[in-house]
Amino acid sequence: MKVLLAGANGYIGTRLIPVLLEAGHDVVCLVRDKRRFHEKSDYSERVTLITGDLLKEKNVEAFPADIDAAYYLVHSMSQSPDFTALEALSAHNFVTALDKTNCRQIIFLSGITNDEKLSKHLESRRHVEDVLQEARAALTVLRAAIIIGSGSASFEIIRDLTEKLPVMTVPRWVNTRCQPIGIRDVLGYLQGVLLNEKAFNRTFDIGGPDILSFKQMMLTYAEVRKLKRYIIIVPFLSPKISSYWLYFVTSTSYSLAQSLVDSMKNETIMHNHNIDEVVPRQCLTYKECLELAFVKIEQNSIVSSWKDAFNQGYLNPGFMDQIKVPQNGTQEYKVKMPFERPADEVFTNVLSIGGDRGWYYWDWIWNIRGFLDKIFGGVGSRRGRTSNVYISPGDVIDFWRVLLVDRENKRLLLYAEMKLPGEAWLEFKIIERNNKKSLSQVATFRPNGLWGRLYWYAMWPFHLFIFNGMAREIVNYH
């Protein structure tokens, strides 16, 4: 079968591709930029790529006419406070393009919406279902609660809270119940309903065997990790304060924190088990999902992470057009550090920067900068990195975004997503000439007006120590 996948670079889409390929399907991936997919995916030569931004109808390349089924895995919640309008527009443009094909089925992964009064996020999910229902193809909706897996937003937030806070004062929403499901089971259901006529024009709740409160999920996480944690519920924490609390303690953005807190007032529990008749499956327990996630983390084999999604206002989805660092109207700080050891070893240190490894020198300064960024509404430095071993364009490293990884020429280029009065790039390159080797490290800043220039000169003394120390440690680290 020929299957179209919208959202191929997302958390779910990235993991669904190998499942579909293994089943022998011809997969067509809708992406914003083919270059990022080629750089990031091991399957880029085994799928057909078409480009398009679903928020701009005219920019969407025509879908192949012989499509049999389509997955719609697009989400805009973390991109803008006005995500409801964006999600509706995206779904409408998708239907318009799909109706020109012979597609028989659309499969949409939504959220459980069984409460009468829904959060803005869950209302948006329901509205997208209504928009997709207008397509000529039959619609199959799978409604899930919290998805647990290495790199999933829910897992990473629970992980952040439980790992970092021995004692938590939390709002009342921690007593809200939900029915978490493992990413492996979500993929199983997505595959199981594919062109399964029993699933045509039907909506199914999907979930694991456990019904737990958020408090129970955090305590179970602590149990798996052998941590002693105490949770104190404070009844007077408002949704706004709760959002700020989640924003500062975890790696989530403020707009996403707001949406999550708003959604946590809704119970997300299966009201029907009709999916069992169509796709019989024994789902993993919550504890099994956690244990499996940690196996992936320990093996450095996290396939995808929610943190690699683009945040509107930081980096344009066409980010690969920015891999040439501008020369005009910029300020630079350059460091050239000679070394004698094998160049591959030094470049491995470069590619391991950030996350658990840290920034090699004066990590506490980087942490303060990340905290200040959080205060001013930025991404901060809590995002870490998806893998401590692998890195590819589009990945996040703390408050940087990877623009380029050139292993042949030993070059790494990062773009700052922190709040700045301008734009910043950080480039590392190994230079080998006349039997001499050195690490070139260049910080480039394009200031925005007078404030940008003042910022650069105010930071210059820190650059003097930080960048020289960092380059020295990178070439010497074993």
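A residue counts as buried when its relative accessible area is under 20%. Serine 440, at 17% relative accessibility, therefore counts as buried. The model is predicted. Its protein chain averages a pLDDT of 86. The chain has 14 helices and 19 strands.

**Confidence**

- In the protein chain, 92% of the residues score a pLDDT of at least 70.
- Confidence is highest in strand 4 (residues 69–72), at a mean of 97.
- Helix 2 (residues 34–40) is where confidence is lowest, at a mean of 70.
- Over residues 311–315, pLDDT stays under 50.
- For residues 311–315 the model has 18 contacts beyond four places in sequence.

**Overall form**

- A compact globule with 478 residues would have a radius of gyration near 23 Å; the protein chain has 23 Å, so the two agree.
- The C-alpha trace spans about 70 × 55 × 40 Å along its principal axes.
- Of the 478 residues, 58% count as buried.
- The protein chain exposes about 21,400 Å². Carbon and sulfur atoms supply 51% of that area.
- Among contacts with a separation of 6 or more, 73% come from residues 24 or more positions apart.

**Aromatic pairs**

- A pair of aromatic rings is described by the distance of the centres and the angle of the planes.
- The count comes to 19 aromatic pairs in this model.
- Tryptophan 362 and tryptophan 364 form one of them, a tilted pair. Their centres are 5.7 Å apart, with 45° between the planes.
- Tryptophan 362 also pairs with phenylalanine 465. This pair is stacked, at 5.8 Å centre to centre and 25° between the planes.
- Tryptophan 362 lies in the loop between helix 12 (343–351) and helix 13 (363–375), and phenylalanine 465 lies in helix 14 (residues 449–476), so their pair ties together parts that are 103 residues apart in sequence.
- Tryptophan 362 has 29% relative accessibility and so counts as partly exposed.
- Phenylalanine 465 is partly exposed too, because its relative accessible area is 46%.
- Ring pairs also link Phe63, Tyr72, Phe94 and Phe108 into a cluster.

**Charge over a ring**

- Arginine 472 lies over the face of tyrosine 361. The distance from the ring centre is 5.6 Å.

**Serine 440**

- Strand 19 (residues 436–447) holds serine 440.
- Leaving out residues up to four places away in sequence, serine 440 touches Val335, Glu427, Phe428, Lys429 and Ile431.
- Its relative accessibility of 17% falls under the 20% cut-off, which means that serine 440 is buried.

**Serine 242**

- Helix 8 (residues 239–249) contains serine 242.
- Serine 242 has a relative accessible area of 1%, so this residue is buried.
- Proline 171 is 71 residues from serine 242 in sequence. In space the two are 6.7 Å apart, C-alpha to C-alpha.
- Serine 242 is in contact with Pro171, Trp173, Leu237 and Val261, with neighbours within four places in sequence left aside.

Key: Residues are numbered from 1 along each chain as its sequence is written. This is a predicted model: local features need pLDDT of at least 70, side-chain atom pairs count only at pLDDT 80 or more; totals for chains, interfaces and linings use all residues. Side-chain values use heavy atoms; hydrogens and water are left out. pLDDT is the predictor's confidence in each residue, from 0 to 100. Helices (H or I, at least four residues) and strands (E, at least two) are DSSP runs, numbered from the N terminus. Contact means heavy atoms within 4.5 Å. Rings of Phe, Tyr and Trp (its six-membered ring) pair if their centres lie within 6.5 Å; planes under 30 degrees apart count as stacked, over 60 as edge-to-face and the rest as tilted. Buried means under 20% relative accessible area, exposed over 50%, partly exposed in between (1.4 Å probe, protein chains only). A charge sits over a ring if NZ of Lys or CZ of Arg is within 6 Å of the ring centre and within 35 degrees of the ring normal. The radius of gyration is taken over C-alpha atoms; the globule rule is 2.2 Å times the number of residues to the power 0.38. Accessible areas come from the Shrake-Rupley method with a 1.4 Å probe; for residues, only the protein chains shown count as cover.
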